[in-house]
Amino acid sequence: MASGGEQRASDGGAASVDGAAPDTVQSLQHEIEVIKAKIAQEREKIKDKTLHQVADLANILSIDQLNIKIRKSLKGHNAKVLCLDWCSDKRHLVSSSQDGKLIVWDAFTTNKEHALTLPTTWVMGCAYSPSGTAVACGGLDNKLTVFPLTMEDDSQSRKKVVGTHTSYTSCCLFPGSDNQVLAGSGDATTTLWDVESGTVLQTFHGHISDVMSIDLAPGPN
């Protein structure tokens, strides 16, 4: 059994230990504020123009002068929409979602013309073909899949797996032809596929991590 003196000593020791925690937190908070102030100072040294000054030089209208309105709201996905692409007819679009669905919409009427289910969630990329007769998509199943769009036949049953990456397919597009699809992947490559044969036409290397987005320069080539 501890004596009264030992009890008081142990209580005092516990109090000193408990009292050290606030001091430590306060010192860390002070250190954080000092670092923030140093970062702000360094930013001020290299900042030559403000965002408003750059916008004025580029003749960019302020957000107050833009008249942005919601024209149509397309509702049908049950999870986050990760990608969409407009058809060349400027009326239809395709969207992909975390719910594993690929939906082709009539943007004028907001009707769903095709609702395609993939064997994976997180359909990360989708694209409309130049002719408007097919869509491509890819996601966590690592596959690049093309669906022909016809009102007579079931597009789901006519799907074609064009190729498979070694990691997820993050994005895709048709480079001016229905016969080829360009796809980016988590395997750090961008690959040009032949739709009919499913063969690799060209692979672009250079990234050291996931390719998340691709685009083409304007022009016929």
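1. How many bridges join E1 to strand E2, and in which sense do the two run? There are 5 bridges between E1 and E2 (residues 92–97), and the strands run antiparallel. One spot to look at is Cys83, which stands opposite Ser96 in E2. Keep in mind as you click around that this is a predicted model.

2. Now zoom out a bit. E1 and E2 belong to an open sheet of 4 strands with the order E1-E2-E3-E4, paired antiparallel. Strand E1 (81–86) and E4 are the edge strands; each has a single partner, so one side of each is left without a neighbour in the sheet. From one strand to the next, the twist averages 20°.

3. Next, the other end of that sheet. Strand E3 (residues 101–106) and strand E4 (residues 111–117) pair in the antiparallel sense, over 6 bridges. Ile103 has Ala115 in E4 as its bridge partner. The hairpin of E3 and E4 has 4 residues between the strands, and there Thr110 takes a positive phi near 65°.

4. There's another open sheet to find. Its 4 strands come in the order E5-E6-E7-E8, again with antiparallel pairing. Neighbouring strands here are turned by 20° against each other on average, direction ignored. Within this sheet, strand E7 (residues 143–148) is joined to E8 by 4 bridges, and Thr145 stands opposite Val161 in E8.

5. What about the inside? The largest nonpolar core has 13 residues, and those with the most contacts inside it are Val94, Leu102, Tyr128, Val135, Cys137 and Phe147. E3, strand E5 (123–128) and E6 each supply at least two residues of this core. The largest share, 3 residues, comes from E5.

6. Leaving out residues up to four places away in sequence, Val94 touches a list of residues including Leu84, Leu102, Val104, Tyr128 and Val135. A second, separate core has 12 residues, among them Ala127, Phe174, Val181 and Ala183.

7. Is Ala136 buried or exposed? Its relative accessibility is 0%, so Ala136 counts as buried. You'll find Ala136 in strand E6 (residues 134–139). Beyond residues up to four places away in sequence, Ala136 touches Gly125, Cys126, Ala127, Thr145, Val146, Cys172, Phe174 and Val181. The C-alpha atoms of Ala136 and Val162 are separated by 9.3 Å, with the two residues 26 apart along the chain.

8. Last stop: charges. A search of the whole structure finds 2 salt bridges. In one of them, Glu42 pairs with Lys45, the closest N and O atoms being 3.3 Å apart. Glu42 and Lys45 are 3 residues apart in helix H1 (residues 4–46), so about one helical turn separates them. Glu42 is partly exposed at 44% relative accessibility, while Lys45 is exposed at 63%.

9. Arg91 and Asp106 also meet through their side chains in a salt bridge, at 2.8 Å from N to O. Arg91 lies in the loop between E1 and E2 and Asp106 in strand E3, so the pair ties together parts that are 15 residues apart in sequence. Arg91 is partly exposed, with a relative accessible area of 30%, whereas Asp106 is buried, with 6%.

Technical notes. Residues numbered from 1 in each chain as written. Predicted model: local features only at pLDDT ≥ 70, side-chain atom pairs only at ≥ 80, totals over all residues. Heavy atoms only, no water. Buried < 20%, exposed > 50% of the residue type's maximum accessible area, 1.4 Å probe, protein only. Contact = heavy atoms within 4.5 Å. Pairing = 2+ DSSP bridges. Core = buried A, V, L, I, M, F, W, Y, C linked by side-chain atoms within 4.5 Å. Axes fitted to C-alpha atoms, helices over the stretch in contact; angles between N-to-C directions. Salt bridge = Lys/Arg side-chain N within 4 Å of Asp/Glu carboxyl O.
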